[in-house]
Amino acid sequence: MTETPIAGTEKTAVKLAWPDLLQMKREGRKIPVLTCYDHPTAKILTAAGVRALLVGDSAAMTVLGYDSTIHATMDFMVTITAAVRRGAPDCFLMADMPFGSYPDAPTATRNALRFLQESHADIVKMECDHRHEPIVQALSAAGIPLCAHLGLLPQKAAFEGAYRAQGRTPEAAAKLVAQAQRLAAAGTPMLLLEAVPDAVSAQIVAAVPGVVIGCGAGASCDGHVVVLHDVLGFNARPARFVEVLTNVPERISHAARQYFLDVTQGRYPASRHAYHMKTTSPGE
Ligand code: KIV
């Protein structure tokens, strides 16, 4: 089957790799990251210049309609991460370890390897606290690049029933900074901070050598990620740090309504959409 190009998309230049991210950090160039869950969207986002994509377990909510991220499974995440990779062969691709996929070091290693080998991701992301240090060490020893997700941890928040900003008291901030340092020392080259004050992010950026991506974590981070569906207007109650940039549901609704009216009022299909009879049979 020939692939139909999506209007406005074009092939991006060269692959964005880990050394490029480090270089961007050193030069103070911010790294834009968006979540992405499918092949056509990956093509559009990278052609628009966003060259680092995160296949987040937020897919359980944005794509599958669950009320938390804990319903994402390994097989589902591996499949959609591979789809994003096919759409964006040159992007820096981050894959999210879903709930239950890293209960111990051997299981985490096995599952992380699936993302690298089956989905062709560049790095795996894991929600971490101090208890995950041995797993981080094991992944690092296995040569698996890891992004440690700190701050608001949606997989944990789902059980607590509250999605709250973290590190807002001096004690909580100091704990987060210490945790970030320990995880960096355990071998994680990248951190993702979710919903923490900028002052805490600034301390962490200064305290660790790796790349720090923020999600509602202030301007000091080396790069920023947001959930694509929030930016596109799918979420009726986005978090305060989300800038809604367009209203895609409205556009889909408009197109669907047009289709409904065209069919019910007899405008579709028209003669130009039809296959017409040939005047002669083959061989005649
Ligand atoms: O799953 C996800 O999309 C994430 C982002 C919120 C950072 O982890």
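What follows is a short chat about the predicted model shown above.

Reader: What kind of model is this, and what counts in it?

Author: It is a predicted model, in which local features need pLDDT of at least 70 and side-chain atom pairs count only at pLDDT 80 or more, while totals for chains, interfaces and linings use all residues. Residues are numbered from 1 along each chain as its sequence is written, and side-chain values use heavy atoms, with hydrogens and water left out.

Reader: How many helices and strands does the protein have?

Author: There are eleven helices and eight strands. Helices (H or I, at least four residues) and strands (E, at least two) are DSSP runs, numbered from the N terminus.

Reader: And what box do the C-alpha atoms fill?

Author: Roughly 80 × 40 × 35 Å, taken along the principal axes.

Reader: What share of the residues is buried?

Author: Buried residues make up 44% of the 284 residues. Buried means under 20% relative accessible area, exposed means over 50%, and partly exposed is in between, with a 1.4 Å probe and protein chains only.

Reader: How is a pocket defined?

Author: The search uses a 1 Å grid over the protein atoms alone. A pocket is an open set of points where a 1.4 Å probe fits, with protein on both sides within 12 Å along at least five of seven lines, and lining residues have an atom within 4 Å of a point. Grid points are joined across faces, edges and corners, and the volume is the space filled by probe spheres set on the points.

Reader: How does the lining of the largest pocket divide by residue type?

Author: Into 18 nonpolar, nine polar and eleven charged residues. Ala, Val, Leu, Ile, Met, Phe, Trp, Tyr, Cys and Pro count as nonpolar, Asp, Glu, Lys and Arg as charged, and the others, Gly among them, as polar.

Reader: What about the second largest pocket?

Author: That one has a volume of about 400 Å³. Of its 18 lining residues, G151, L153, K156, Q166 and K175 are the closest to the centre. Two or more lining residues come from each of α7 (154-160) and α8 (170-186), and α8 gives the largest share, four residues. By type, the lining of the second largest pocket divides into eight nonpolar, five polar and five charged.

Reader: Which residues come nearest to the ligand?

Author: G56, D57, S58, D96 and K125, out of 13 residues around the ligand (those with a heavy atom within 4 Å of it).

Reader: How far are the side chains of S58, D96 and K125 from an oxygen atom of the ligand?

Author: For an N or O atom in the side chain, the distance to an oxygen atom of the ligand is 2.5 Å at S58, 3.2 Å at D96 and 2.9 Å at K125. A polar contact is a pair of N or O atoms within 3.5 Å; within protein, one must be able to donate a hydrogen and the other to accept it, and residues adjacent in sequence count only if both atoms are side-chain atoms.

Reader: What does the side chain of T46 reach?

Author: The backbone oxygen of A42, at 2.7 Å. A polar atom of the T46 side chain also lies 3.3 Å from the backbone oxygen of K43. T46 is in helix α2 (residues 39-47) and is buried, with a relative accessible area of 6%.

Reader: Where is the cis peptide bond?

Author: Between Y268 and P269, with omega about 0°. P269 sits in the segment after α11 (248-264).
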